[in-house]
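Thanks for coming. Please look at the model while I talk.

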Amino acid sequence: MAEWQPISTAPRDGSYFVTVRAGNIDSSSINFFVDSIYPSISIQAPQNITYNFNTSLLLNFTINETNLDRIWYRLDSNNDITIVNNSTFNASEGSHTLYIFSNDTVNNTNSTYVSFTIDTIPIQI
């Protein structure tokens, strides 16, 4: 039976010497990658401005992640909506905050947000 010894700190990338004892002694060297890098997210649209329309608003973003698993967004406190790439969405009159989330295959999760306003009411002179 193999015995696992706990480690006090997270391992770093690199080569490790492993000894497995199961009746006889055998050993091997292994390389592995510890993914502790969070996805990088930037929002190009919407921007932190006032829009005079509220349908088909562009959701344009960039995510840098080698092992991307999932992307989703949330408008204000509404439900999460899963997406796979840039998209469009609708928003009601008023101030809003749009959050974009992303995680990788080992569940490193990151998010960012942008605030914007919808004002479709024409100015009365």
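Strands here are DSSP runs of E, at least two residues long, numbered from the N terminus, and two of them pair if DSSP finds at least two bridges between them. Strand 9, residues 94–104, pairs with strand 10, residues 109–118, in the antiparallel sense over ten bridges. Within that pairing, Thr 97 has Ser 115 of strand 10 as its bridge partner.

A word on the source. This is a predicted model, where local features need pLDDT of at least 70 and side-chain atom pairs count only at pLDDT 80 or more, while totals for chains, interfaces and linings use all residues. Residues are numbered from 1 along each chain as its sequence is written, and side-chain values use heavy atoms, with hydrogens and water left out.

Three strands form an open, antiparallel sheet in the order 3-5-8. Strand 3 (40–45) and strand 8 (87–89) are its edges, each with a single partner strand, so one side of each lacks a neighbour in the sheet. Strand 5, residues 57–64, pairs with strand 8 over three bridges, and Leu 58 stands opposite Thr 88 of strand 8.

Finally, Leu 59. Contact means heavy atoms within 4.5 Å. Not counting residues up to four places away in sequence, Leu 59 touches several residues, including Tyr 73, Phe 89, Leu 98 and Ile 100.

Notes. Helix = DSSP H or I, 4+ residues; strand = E, 2+ residues; numbered from the N terminus.
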